[in-house]
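Subject: Handover of a structure and the findings on it

Dear colleague,

Please find the structure below, together with its sequence.

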Number of protein chains: 4
Amino acid sequence: MVTDNPTNVTAMAVPEQMQASVLSGIQELRVEPVSTPSVASDEVLVRVAAVGVCGSDTHYFRHGRIGDFVVEAPLILGHEVSGRIVAVGSDVSPARIGERVAVEPQKNCRRCRECRAGRYNLCRRMEFYATPPIDGAFAQYCVIRTEFAHTLPDPISDEAAALLEPLSVAITTMRKAGVAPGSSILIAGAGPIGIICAQTARAFGAADIIVTDLAAQRRDRALTYGATRVIDPRDVDVASADLDVHAFVDASGSPEAVFDGIKAVRPAGTAVLVGLGASEMTLPIEHIQNLEITVTGIFRYADTWPAAIHLVASGQVDLDSLVTGRFDLEHAGDALNADLDPAGLKAVVYPN
Amino acid sequence: MVTDNPTNVTAMAVPEQMQASVLSGIQELRVEPVSTPSVASDEVLVRVAAVGVCGSDTHYFRHGRIGDFVVEAPLILGHEVSGRIVAVGSDVSPARIGERVAVEPQKNCRRCRECRAGRYNLCRRMEFYATPPIDGAFAQYCVIRTEFAHTLPDPISDEAAALLEPLSVAITTMRKAGVAPGSSILIAGAGPIGIICAQTARAFGAADIIVTDLAAQRRDRALTYGATRVIDPRDVDVASADLDVHAFVDASGSPEAVFDGIKAVRPAGTAVLVGLGASEMTLPIEHIQNLEITVTGIFRYADTWPAAIHLVASGQVDLDSLVTGRFDLEHAGDALNADLDPAGLKAVVYPN
Amino acid sequence: MVTDNPTNVTAMAVPEQMQASVLSGIQELRVEPVSTPSVASDEVLVRVAAVGVCGSDTHYFRHGRIGDFVVEAPLILGHEVSGRIVAVGSDVSPARIGERVAVEPQKNCRRCRECRAGRYNLCRRMEFYATPPIDGAFAQYCVIRTEFAHTLPDPISDEAAALLEPLSVAITTMRKAGVAPGSSILIAGAGPIGIICAQTARAFGAADIIVTDLAAQRRDRALTYGATRVIDPRDVDVASADLDVHAFVDASGSPEAVFDGIKAVRPAGTAVLVGLGASEMTLPIEHIQNLEITVTGIFRYADTWPAAIHLVASGQVDLDSLVTGRFDLEHAGDALNADLDPAGLKAVVYPN
Amino acid sequence: MVTDNPTNVTAMAVPEQMQASVLSGIQELRVEPVSTPSVASDEVLVRVAAVGVCGSDTHYFRHGRIGDFVVEAPLILGHEVSGRIVAVGSDVSPARIGERVAVEPQKNCRRCRECRAGRYNLCRRMEFYATPPIDGAFAQYCVIRTEFAHTLPDPISDEAAALLEPLSVAITTMRKAGVAPGSSILIAGAGPIGIICAQTARAFGAADIIVTDLAAQRRDRALTYGATRVIDPRDVDVASADLDVHAFVDASGSPEAVFDGIKAVRPAGTAVLVGLGASEMTLPIEHIQNLEITVTGIFRYADTWPAAIHLVASGQVDLDSLVTGRFDLEHAGDALNADLDPAGLKAVVYPN
């Protein structure tokens, strides 16, 4: 790589080839050598420390597609990434070499209507890690624009730094939900996103954080991560329980949870649909109209890493304890199947 | 009335009884004498000039209920009202007597959480005209709080003044939709609300106003009221036509129109559901999530009459030409059935 | 009182006369018997527990006026109040009797443009405690509308409950300043309001909280209440130090601090002027224009007590330790002069 | 140019040198040949049609600087530009060649915090036309990024197209001022910006548009461009006249007008300072605080040309009649001095 691009600056030897876990078919994953990515003038090369496993990685692994995105050529998964800068492009200060960073895994076009308006997450020409045909970070190195390699303070571990990505999802959710000191919020689903949302809601000042989940184990866990109350939706009819919350967040993808959760929202409140469950759902339209409820969804994030870093560095959000499995690159497949263990929460891959 | 309440001020003789069109059962409507309403200290008595017929009036007339609101006792319909103040309560300046006014037909509690927050339309203790058990204005007189009797400038006719009420619905819709100079908007349905929304969108500065309707006659009419383009949804697939609008407004109540209309919205755009069609509808959730579209509804209005008066007085919105039928109190039933004529748009009742 | 108004409900004997500390001239304060206030149908009578002393109380005490508000008749000072409900009006549930409450010391007209819009703090007909000619709460009892008697959870002490009033000022400030997780904020002045603002900024998620004050003792204190950095403005030129903060809050009233603080704000940031110092100030207009900075002020509060109660009950804001002096009604004058001790922070009067 | 950059596409002969009016010292302006600008891959080359003269051009011409921006090398003035695309960079569709366009005369860095947030006008690395050391458009050709060359519909003349730039200032102002149907607005100053603001306020729906100016001729002109009332501030004390406007816009740069205008704003209203008059001004702080008025300024614009094009194409804003002087390149100096004629409003230079 270095020889190809003499304008790059590097402080240490970076091999021309690196090891990567490559998905070549459904459930077909193999570690093999691939070219170390080249670095454009405004980019940095990151030696990967830790990579969290996301539900979308697992979905590509098992199904080879998510909606219109189809894996048609070998693909490297993984988009929750931390590491250390080992080389920089010609427009980036060499002083960045050696920095520990969290990667915001997106590359927007910077020019389109959405980018110009500050909604770069909605850029139609986005190149996002681990979304076909863009490679992710189950590999020794990855490349990212310098502004999306976010400098880490020491107290944040490599694992927590990787998990700033799902925390960014939660921050976007809380912003959309308008959560502020004193708010009440209902969260459906106590999986990784639900748990991080509960913590983030608390950090945003929510006074009442109600979490629903079918599994007792998951409900109990939610109580240790910020929930002030948990509900088994088979015991309490969420739709009619008069929860009267400012905001409802769905982190379950369940159409029933979405329907009932919206009915729990107070007048002028908000529902944010984060969980992916069905391309179409039936919603309580009359309730939405009569109470002027706002329903929306989120698609990734824009300008969240600085806030995420603060929430973790200040101890308001705990990401470290969410990691329930650690795997090397050879066992990336096991990491991708770790969600089959109901006691597990978050798997992390260590490519180096 | 006057004798009962010596603190009221009145400039002319107001009879103790008045004629009203009373709904006593499904499609059972009869003009009969009822007590003229008494005036509280902060209220005014209005001699009714014109009353528009709304779809909700027609619905109560035919079905005896709308959702949870059931006509269980004789009810006076009509909530789109103009008239002249003939008496005032003790806390109201007698100088108001004689004023031509448009009535904002609601009486909120002023104290609850919603009222204190400025969302008085969402007050749970709202007493709204022609919503059981609160009487409306198919009668010679009606009573309203002084702040909701909006002074009319001369150029606005009695009929137009009555129709400031549906215009208030349209203004609320445009505010929620974020319509501003240069916006593009898709409106489903070219009935009275759709037509007023098209005009209001133009007044709010919308550059592209696309209206869909199944009926050619209604599409043609939309073109004379602000639409820049009309679509027959049987000819053009709205969902896939890449209309890329900032906002979608449903004024049809059709679940198909709602589904397709939301798919026509651009990233970060808005859908406002005004039409009443079904208590539940199936929405394109994945599209809402991926494009971060905001979906909401409206429930009446707050702080709209001053803007409505300006839009009509300045000629930006034409309400007069929407009136296609005029009826006296004896023929209120015919007015309520006027919607059966596809060429009709808006019926008005003259109680005096 | 009770005999006069048979519609009131009371659970315990309330005397017709009560002891109050009455201001009859500049620095002329005397405890004397006055009529216990009567209770309207939507009000409650509160037996006062604790009353915080505010700078405005001190100002009336020393100068007999604040701007256009002049003490022209005997006045009871004190508007930071907690207590217990001992009687209720006819429209209030008797179940409220016995409740510990914090008083939101305002009575708005509920009808005007500002009230209807949810900005009841800006009501032009506001009757506010301890603002001529409205009495405050340096007395055994006070009266307040039921919706502004906010129920207290047990963990909040009487003193902290009284200080929810200045906390409400801080909450309003943080809302106006747009403080959210990760924000940076500069606060000028480490008096009571500055100290509570620093704590509230932290609770709203601010990452960097810079406090300036001329007094070393006050700067040190700020560090124990949330400040992440303190600055002596004689050592560091705040205007040119490139602090690049999202928001500046003035809690000093110093024109120099305001000028320099605004220059420390980043593009599109906000300055909120809370401190009262001069009716006119010179601002860096070119800087405001070139960076599109928003400058505003606050006037009391609307809808803040629920959030304030949560912040204190959850331990995010500590009000108890701010109290540095306690006085009975006889020594209210000493309480009003307690600000002369630079080591003091907040005085509290106990009328019963 | 073309020979230097083989990746450019051009449809017609573009000379390597062009004529330009170059400012080489205070009031020293000379037409001389300079290199035709080269076109980067994402840019287009525009053959200039019309260029409006702005007060900032005149200021550089007379004083050689504006604040920290100093003319230290020969500079081409002019930033209100229309023309026709004659060449495009390699990343731009050749189909754009021949398009009539209005130029948004800025080139932001696309990467910084402000750009990423959608506030590209606040980019600290902005390269703006006619701001040292960046050349403007008093020349035969100019270059601009493709997304900032806004396609013009036929009805918009070259002159009006150039004046979309000051219209963009007015649109930004109305957005900041929150002007919507029914608003009331006070505008100080009836120069070009004030006149365009009055028209734009009307297009945004303002019901009451009050314009102040010392000159009767200018006040009269304001009445023909949207003002509903004009005031000579020597006759009416704006500060105490209880104008009670939603928004105040200063387009005068006069400290007195700014002070008085802010005092005319209603509670929770807004003041937007557009005029450049003094780097510091004295503001009525107590009034700003007591009424919670928001004061801000604007710095250029972001995302305004589409709305501007609509307002002109639909006839809501008339820019053509504002042009009171036309000059060729040789007489650019006369154009820059045209503001000395009190009857003049807007001068336009035709470089070709």
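Chains C and D meet through the same surface, because 100% of the interface residues of chain C are also interface residues in chain D. This is a predicted model, in which local features need pLDDT of at least 70 and side-chain atom pairs count only at pLDDT 80 or more, while totals for chains, interfaces and linings use all residues. Residues are numbered from 1 along each chain as its sequence is written, chains are lettered from A and ligands numbered from 1 in the order in which they are written, and side-chain values use heavy atoms, with hydrogens and water left out.

The interface of chains C and D

In this interface, 40 residues of chain C are in contact with 40 residues of chain D (contact means heavy atoms within 4.5 Å). About 3,300 Å² is buried between chain C and chain D, and carbon and sulfur atoms give 51% of this area. Buried area is the accessible area, taken with a 1.4 Å probe, that two parts lose on being put together, summed over both. On the side of chain C, the residues that lose the most area to chain D are C:I285, C:Q289 and C:E292, which together account for 21% of what that side buries.

Chains C and D are also joined by 4 salt bridges, a salt bridge being a side-chain nitrogen of Lys or Arg within 4 Å of a carboxyl oxygen of Asp or Glu. In one salt bridge, the side chain of D:E292 meets that of C:K176 at 3.0 Å, N to O.

Copies are superposed by least squares on the C-alpha atoms of residues with pLDDT of at least 70 in both.

The interface of chains D and A

Chain D also meets chain A, with 11 residues of chain D in contact with 11 residues of chain A. Between them, chain D and chain A bury about 1,000 Å², 49% of it on carbon and sulfur atoms. In chain D, the most area is lost to chain A by D:R110, D:R111 and D:R116, together 57% of what that side buries.

The count of salt bridges between chain D and chain A is 4. The side chains of D:D42 and A:R111 form a salt bridge at 3.9 Å, N to O.

Chain D is superposed on chain A by a rotation of 180° with 0.1 Å of shift along its axis, at an RMSD of 0.0 Å. These two copies are thus related as by a two-fold rotation axis. Of the residues of chain D, D:G118 comes closest to this axis, with its C-alpha at 1.8 Å. The surface used is the same in both copies, as 100% of the contact residues of chain D recur in chain A.

Helix packing within chain C

Within chain C, helix α4 (residues 164–177) and helix α9 (residues 305–313) have axes that come within 9 Å and cross at roughly 105°. The helices α4(C) and α9(C) are therefore roughly perpendicular to each other. The α4(C) side of this contact consists of C:L164, C:E165, C:L167, C:S168, C:I171 and C:R175, and the α9(C) side of C:W305, C:A307, C:A308, C:I309, C:L311 and C:V312.

Salt bridges and backbone within the chains

Over all chains, the structure holds 84 salt bridges. One of them pairs the side chains of A:D42 and A:R145 at 3.8 Å, N to O. This pair links distant parts of the chain, 103 residues apart: A:D42 is in the loop between β3 (28–35) and β4 (43–52) of chain A, and A:R145 is in strand β12 (residues 141–145) of chain A.

The peptide bond from B:P132 to B:P133 is cis, with omega near 5°, and B:P133 is in the loop between β11 (127–128) and β12 (141–145) of chain B. In chain C, the peptide bond from C:P132 to C:P133 is cis, with omega near 5°.Finally, A:R300, in the loop between β20 (294–297) and α9 (305–313) of chain A, has a phi near 60°, a positive value in a residue other than glycine.

Terms used for helices, strands and angles

Helices (H or I, at least four residues) and strands (E, at least two) are DSSP runs, numbered from the N terminus. Axes are lines fitted to C-alpha atoms, for helices over the stretch in contact, and angles run from 0 to 180 degrees between N-to-C directions. Angles under 35 degrees count as roughly parallel, over 145 as roughly antiparallel, 65 to 115 as roughly perpendicular and the rest as oblique.

With kind regards
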